[in-house]
Every structure is written in C-alpha cells, then in structure tokens.
Amino acid sequence: MRFTIHTNRRMGIQHYLTRWRHRHGYGIHSPWAYELVTDALCSRSHFYAFEQLKGTDADRQLYRLFVWLKPKRYIACGGTETAKAHMKTAFDETHARSDFEVYYFAADRAWEVEKAFEGGWVSEKSCLIIDGIAHENRKLWEQIVAARSVTSTFEQRDRGIAFYDPARQKCNYLL
C-alpha cells in the first residue's frame with residue numbers, strides 16, 4: 001500500500017516537471033513548436049492591446065495565439081465576450097495571413113466539435129482550440145489526440161490546441 005502511494009506521488013511530480021520543462025521550451029525539438037510555446041502560449045510579454053482589452057490570462061493567450069498564427073479565417077463557438085473581443089482584435093490587427101484556419105470551442109460548446117468534423121470544417125492547416133479539457137471534455141480531447149489526422153497537440157491545464165498540418169510530425173506536448 002505504501003509503495004502505491006509513493007508511486008502516485010512520484011508520477012505527479014514527474015508529470016509536473018514535464019509540464020514545467022515544456023512550458024519553458026525545454027525538450028521541444030521542433031523550431032515551429034518551440035516558437036509557438038515560447039512566443040504565444042507561455043509568453044509573459046505585455047502587448048499594447050492588453051490595456052485596451054480587459055480579460056483573463058486565458059483571453060490574453062488567445063490574443064497572442066491569433067497574432068502568432070495569423071489565421072486566414074476563424075470561427076468561435078461560445079466563449080466569453082472578452083475572449084471573443086481578444087480574438088477579433090488580434091484577427092483584425094494581423095494583415096499578412098497564413099494558411100491556418102482556427103476553430104475555437106468554449107467548454108460549454110465542445111459538443112460542436114463533432115459537428116465540425118462531420119461538416120468537413122476541419123481539414124489540412126486547421127487549428128482546434130478547445131477549453132474545458134481538464135474535466136468535462138476530457139474524453140473528447142483524448143479522442144482528438146489519438147486521431148491520425150492530428151499532427152501536433154499542446155495540452156495545458158484546461159485548454160487543448162490541436163493542429164492538422166501534414167508538414168508536421170505527430171507530437172504531443174504537456175504545458
């Protein structure tokens with residue numbers, strides 16, 4: 001019994017250390033993934049737009065992610081008004097568009113992910129952002145990570161980001 005408790009505690013520490021290392025860029029060998037993590041997802045830098053837009057750290061992360069990705073199109077299914085404002089502002093401010101299409105699903109609207117797959121929205125050069133993966137949408141997130149078409153996933157505490165990009169190798173990061 002004592003050994004089991006020790007093992008669970010040790011796994012918790014290893015899990016935390018893995019997340020800490022990846023959040024700081026250690027152990028990420030892809031230059032593209034390294035830039036995404038250090039410049040957009042886990043950056044502590046202050047953007048000029050943060051003073052105008054009020055919101056949480058998760059909303060600010062959406063802003064940085066949209067500025068970094070420069071999507072040609074995005075769809076937001078649910079979310080708070082501040083999250084939508086951050087996405088819209090970042091989308092409007094970036095002019096040189098990339099090939100990515102971004103689909104954001106709030107925790108209460110994750111059931112629409114299935115509709116996006118069936119409707120043919122998700123294709124090459126797509127990015128899915130799903131909130132609420134820690135509890136209510138955990139099974140959905142695990143199915144997305146296991147899908148063959150998903151190439152890169154970035155799992156944070158309560159947000160999952162999945163990329164469909166055939167130019168990338170399959171890799172899963174815990175942040």
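How far apart are the end C-alpha atoms of helix H3 (residues 57-69), and what should its 13 residues span? I found the end C-alpha atoms 18 Å apart, which agrees with the 18 Å that H3 should span at 1.5 Å a residue, the expected span being 1.5 Å times one less than the number of residues. Helices here are DSSP runs of H or I with at least four residues, strands are E runs of at least two, and both are numbered from the N terminus.

I noted that this is a predicted model, in which local features need pLDDT of at least 70 and side-chain atom pairs count only at pLDDT 80 or more, while totals for chains, interfaces and linings use all residues. Residues are numbered from 1 along each chain as its sequence is written, and side-chain values use heavy atoms, with hydrogens and water left out.

Next I listed the buried residues of H3, which are Asp59, Gln61, Leu62, Tyr63, Arg64, Leu65, Phe66 and Leu69 (buried means under 20% relative accessible area, with a 1.4 Å probe and protein chains only). Among the elements that cover them are helix H4 (81-93), strand S3 (126-131) and strand S5 (159-164). Just after H3, I saw that Lys70 takes a positive phi of about 50 degrees.

I then turned to S5, where Arg159, Ile161 and Phe163 on one side and Gly160, Ala162 and Tyr164 on the other are all buried. S3 runs antiparallel to S5 and is joined to it by six bridges (strands pair if DSSP finds at least two bridges between them), and Ser126 has Tyr164 as its bridge partner. Strand S4 (residues 152-155) also pairs with S5 in the antiparallel sense, over four bridges, and a hairpin of three residues joins S4 to S5.

Notes. Buried < 20%, exposed > 50% of the residue type's maximum accessible area, 1.4 Å probe, protein only. Contact = heavy atoms within 4.5 Å.
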